[in-house]
Amino acid sequence: MLGLFQRKDRLIVHGKAPYNAEPPLDRLRAAFLTDQADFYVRSHGDIPDLDADGYRLTVDGMVATPLDLSLADLKERFAPVTVTAVMQCAGNRRADMLAVAPVSGDPWAPGAIGNAEWTGVRLADVLREAGIDADDERHVAFESHDRIADTDTRFGASIPLAKALAPETLLAFAMNGEPLAPEHGHPLRVVVPGFAGIRSPKWLARISVQDRPSDNPMQADDYKLFPPNVTAGTADPAHGMTIEAMPLNSAICEPARGAALKAGRHAIRGYAIASDRAVARVDVSTDGGRSWAQARIERDADAPYAWTFWEIERELTTGEHELAVRAWDSAGQTQPAAPDDTWNYKGYLSAAWHRVRVTVA
């Protein structure tokens, strides 16, 4: 594995403290499994330096038997599981909404996403070991070792108990067969496939079962979806929609925005994702959406939470072309045509057709 500074040098950095960065899109699209060095990083504070040998995880709250587990305990007492799944920031593609009107947050391109093989143990197995009562009204709250920037508050989030007990939800200690890198949550993180990355805390310290969502500011106040008329000054978190499941989305990774190409036949490539549904079709346009052709799609039928790769070759004539992509899922749903349709002041869940302008000579 590359060193931390080498990995940082490979990414497009949006912020140094907290450290937030994404890969160039051609490198993101180069492999179905995203290498740790090419995986986006979303931090809300410091990156803790934790020793795996001295690590402890607390499980408490509404359980019959509270647990205090080492990393070795997790590996020895619970069956190992590997799940291939996308991790995606709720702000992925925020830059498209920024082009409509100002938004808050880092201007992510479509690179705040990655697909990996996550290895760990099922969260459900750990909760059952603690004696969980599977009440659908309960929530599983997470507390991490990192502190939210400019505060003394540890990062926290929660998910409904039903998702915590789902077989795909993991406590992961490895990524693509390697121990987690520090920026990706070493030594242990939560992986909640299909949900926004905010629900998959890194550097996990505590799991608590409770009768309400976490009251951590990251859960109670942030990562809320608001209508377009709501502003930072008028937003009431109590009336915002808590972001959990991620929407149908797709992006063009090659050619790059603003590319200068020679006239002729060109490959257009990208990814699509539909959370817990399958991507059924991907349409690509070379004239801004006036006409469409269907791309070839590549997916792993045994990995429903992984992304789908798509590719098409099209003849591009001299002049400017607006390339566009839209995906369809197995329920026959597709993406909105323009970011204006779903604009919100936080720039969350940007999932309109992805458009890339290129010049052909």
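Me: How many helices and strands are there in the protein chain?

Reply: This is a predicted model, and its protein chain has 7 helices and 23 strands. The radius of gyration of the chain is 21 Å, close to the 21 Å that the globule rule gives for 361 residues, so the chain is as compact as a globular protein of that length.

Me: And what box do the C-alpha atoms fill?

Reply: Taken along the principal axes, the C-alpha atoms of the protein chain fill a box of roughly 70 × 45 × 40 Å.

Me: On to the sheets. What is the strand order in the open sheet of 5 strands?

Reply: The order is S4-S3-S12-S7-S8, and the pairing in this open sheet is mixed. Its edge strands are S4 (67-70) and S8, each of which pairs on one side only. On average, and with direction ignored, neighbouring strands of this sheet are turned by 20° against each other.

Me: How many bridges join S7 to S12?

Reply: S7 and S12 run antiparallel and are joined by 6 bridges. If you want a pair to look at, Ser 144 has Leu 204 in S12 as its bridge partner.

Me: Which strands make up the open sheet of 4 strands, and in what order?

Reply: That sheet has the order S15-S17-S21-S20, with antiparallel pairing. Strand S15 (249-254) and strand S20 (296-298) are its edge strands, each pairing on one side only, and the twist from one strand to the next averages 30°.

Me: What about S15 and S17, over how many bridges do they pair?

Reply: They pair in the antiparallel sense over 5 bridges, with S17 covering residues 264-273. Within this part of the model, Ala 251 stands opposite Tyr 271 in S17.

Me: Changing topic: what volume does the largest pocket have, and which residues line it?

Reply: The largest pocket has a volume of about 210 Å³. Its lining is made up of Arg 93, Ala 95, Asp 96, Ala 99, Val 100, Arg 257, Glu 322, Pro 339, Trp 353, Arg 355, Val 356 and Arg 357. By class, these divide into 6 nonpolar and 6 charged residues, with no polar ones.

Me: Where does the largest pocket lie relative to the domains?

Reply: It lies between domain 1 (2-240) and domain 2 (247-358), because both domains give residues to its lining.

Me: And the second largest pocket, which residues lie nearest its centre?

Reply: Of the 15 residues that line the second largest pocket, Ala 141, Phe 142, Gln 210, Ser 214 and Asp 215 lie nearest its centre. The elements giving two or more residues to this lining are strand S7 (139-147), strand S8 (154-160) and strand S12 (204-210). S12 accounts for the largest share, 4 residues, and the pocket holds about 170 Å³ of space.

Me: How does its lining split by class?

Reply: The lining of the second largest pocket has 4 nonpolar, 6 polar and 5 charged residues.

Me: Which residues line the second largest cavity?

Reply: Val 86, Gln 88, Gly 194, Phe 195, Met 246, Ile 273, Ser 275 and Tyr 305 line the second largest cavity, in which about 50 Å³ of space lies. This lining has 5 nonpolar and 3 polar residues, and no charged ones.

Me: Why is the second largest cavity said to lie between the domains?

Reply: Domain 1 (2-240) and domain 2 (247-358) both give residues to the lining of the second largest cavity, so this cavity lies between them.

How values were computed:
Residues numbered from 1 in each chain as written. Predicted model: local features only at pLDDT ≥ 70, side-chain atom pairs only at ≥ 80, totals over all residues. Heavy atoms only, no water. 1 Å grid on protein atoms, 1.4 Å probe; cavity = no way out; pocket = protein on both sides within 12 Å on 5 of 7 lines; lining within 4 Å. Points joined across faces, edges and corners; volume = space filled by probe spheres on them. Nonpolar A, V, L, I, M, F, W, Y, C, P; charged D, E, K, R; others polar. Domains from an automatic or database assignment. Pairing = 2+ DSSP bridges. Axes fitted to C-alpha atoms, helices over the stretch in contact; angles between N-to-C directions. Rg over C-alpha atoms; globule rule 2.2 N^0.38 Å.
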